[in-house]
Amino acid sequence: MRQSFILAALASELLCGAATAEPMFNRIATFSVPLNLPADRDAMQKTVAEIIAANEAGTLLAYTDGEQKAVGLIDIATPNAPRPAGFVPVGGEATSIVILGDLAFAAVVTSGDNFKEPTGHLATIDLKTRQVVATCELGGQPDSITLSKDKSRIVIAIENERDEKLNKGALPQLPAGNLTLIGVKDGAADCASRQVVDLTGIAAVEPTDPEPEFVDVNQDGLVVVTLQENNHIAIVDVKTGKLVTHFPAGTVDLKEIDKTRDGQIKPSEELKGVAREPDAVRWLDNDRFVTANEGDWKGGSRGFTIFRKDGTVEFDSAATVEHIAMRLGHYPERRSAAKGSEPEGIEVANYGNDRLIFVGLERASLVLVYKDEGPGRPPRYLQALPGGIAPEGLLAIPQRNLFVSASEADLGEKGGARSAVTIYQRGDQAAAYPSIVSSDVEGAPLGWGALSGLAAHPTTPGRLFAVIDNAYSPSRIVEIDASQKPARIAAALTVTKDGKPAAYDLEAIATRPAGGFWLASEGNPEAKDKPTQNILLRASATGAVEEEILLPEDLAKQATRFGFEGVAVTGSGAEETVWLAVQREWKDDPKGKAKILSYKPATKTWGVLHYPLGKPADGAWMGLSELTALGNETFAVIERDNLFGDKAVKTLATFSVKGLTPAPIGSTTIPTVEKAPLRDLTPDLMKLGGYGLDKVEGMALDKAGDLFVVTDNDGVDESSGETQFFAFGKITR
């Protein structure tokens, strides 16, 4: 295979999209899955959207909700304003769904966690009455389902999955799965026609236990079936049920990847002979199909592959998928030792004259879009689509220029984002995402994430610095060129102490008048395993820590786990003052007031002011996330709650310290600053079509007076990985 040519072709376009102007997808709406729960179900219960289908008109979506044992419906007649359209219990865990006319066919597991006696049925749902009107017993536990192109057969992968806790998930674990074919008669499932296609005896890994995973059918009536754990692929004639051919999915040598979970994104390692273990599969045409190589048992090659139907590998993405995730800040470093970004979903569709491939990255929470350039040529990377956490189901609706992703992760019980269905529309506008990317350094992607604080370069407009919090280790300072669109992370400094890389929880940064940086490390004195302190750091221009400044003991003992979140500097020389914003009330603060601390390096003296926080919604909290000097006496802060969506509070406010003298530590009387609104950020976040990010954490005013704001993606840990970088221009106040 022409590996060097393929990689070079992809590398030329991998930062933010295609090199040539052409239609792009942009997110236009996000539907929160809990909105579909009936009134008698607890809205905080786990509810998910996994596999998703649409009616022929592309106006109604149906998704599987295995957690709630139901199928949910969404009205997208107006795609930028999706509405709940129904909730249909199906008597078990729905795993996959297709729609034919006014009927939906859902594959349903009815045996729960009984791996030895798996059962399931095919539920027929009348989309007009929102009721299950028929079922077909399947004799096993189904996974993927599809329709033949002529609508004459329902094709189901009966996986009979293994118990991953039994013998470390080793195969075989019988009974064996199979491919099941059910005829369609007068638009309905003809249960009596059920045909079972035996797939045992063909895979070299474990021939007695095929575990079929995913199916798709081409125009010639050929079914492609992935046998994921067996790293094998079978092709079956849908009309006769005969096995046409089969072959191993093969292995990949991966170079320039990160295979070590160590808090650092370092694409400098390699893995040899990695089994692809494909999950989803879609035909590209009658001769080629594409697989998402998630892995499950022993493999997972972190990419996707285009096969010919004779088993020939036409293209393999190698490490390029991982590299795109790294450049976009979506790389899941904590999964480095497992399967990295884990490509799981695949969708293929023709939009006009363009055949597009959509690759869903489960752990990076991205959907990558490629253009198929035809047989013998590598696909061309176009763009990346952000959405909910862990995209599972991918659905093209080309008749309406729409694309949909369904994200299975629901973190409501942890106070996180809920499961979501995201809707994108293709048009002539440029891709809005990403808004910030990283460059390559010495030929490798500069990995990043968790941007927690911004500061302006002291002399260069459009040049910023940002810190990365303890989602990664050691600590780093990155340099951002904000004059480009998207903004670009051009370089990174490792923070050092005594000449060695150092690890802090950096939440804020300011440039020092004399050169170098002031850094704020947030402490957590309440941590049970390893309590930490809030620390003000004086660092050189190279990131070397020159001094660690601790809080006075009387103040430090009042701290909670919500500590330093912002740092700013005013004055110079003997008049230099460092200002620090504390996120929330400490033990000695009145309710609704957070500390603004002052520190004078010349005299090593501390002072305190209070900032009046807004009242949070019930069950939420309000706090500060950044502090920026607008002059020697005026400051801006990010004030926000911990909620998501259009009802969340994400604001910029200003205050002045003119005429105020910070009180000495321990004073009973502390002056309170008077705040004034500067900008409501919630509308800015909601205009992006997402679920409304919660962590707006960085702000800076550059040398030219332009305002920049950035969100923190938590290092892709229980997060969608999405980072939004805003350039608001000149501010008025």
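Which residues line the second largest cavity? The legends below take up this question and others for a predicted model.

**View 1. Lining of the second largest cavity.** The residues that line this cavity are Arg27, Leu685, Leu688, Gly690, Tyr691, Gly692, Leu693 and Glu722. Four of the lining residues are nonpolar, two are polar and two are charged. The volume of the second largest cavity is about 40 Å³.

**View 2. Lining of the largest cavity.** Around the largest cavity stand Ser111, Gly112, Asn114, Phe115, Pro118, Gln141, Asn160 and Glu161. This lining comprises five polar residues, two nonpolar residues and one charged residue.

**View 3. The disulfide of Cys136 and Cys191.** A disulfide is a covalent bond between the sulfur atoms of two cysteines. The model contains one disulfide, in which the sulfur atoms of Cys136 and Cys191 are 1.8 Å apart. The link between Cys136 and Cys191 is left-handed, with -70° about the S-S bond. Because Cys136 belongs to strand β9 (residues 131–137) and Cys191 to strand β13 (residues 188–197), the pair ties together parts that are 55 residues apart in sequence.

**View 4. Accessibility of Cys136 and Cys191.** Cys136 has a relative accessibility of 3% and therefore counts as buried. Cys191, with a relative accessible area of 35%, is partly exposed.

Definitions and conventions
Residues numbered from 1 in each chain as written. Predicted model: local features only at pLDDT ≥ 70, side-chain atom pairs only at ≥ 80, totals over all residues. Heavy atoms only, no water. 1 Å grid on protein atoms, 1.4 Å probe; cavity = no way out; pocket = protein on both sides within 12 Å on 5 of 7 lines; lining within 4 Å. Nonpolar A, V, L, I, M, F, W, Y, C, P; charged D, E, K, R; others polar. Points joined across faces, edges and corners; volume = space filled by probe spheres on them. Disulfide = S-S within 2.5 Å. Helix = DSSP H or I, 4+ residues; strand = E, 2+ residues; numbered from the N terminus. Buried < 20%, exposed > 50% of the residue type's maximum accessible area, 1.4 Å probe, protein only.
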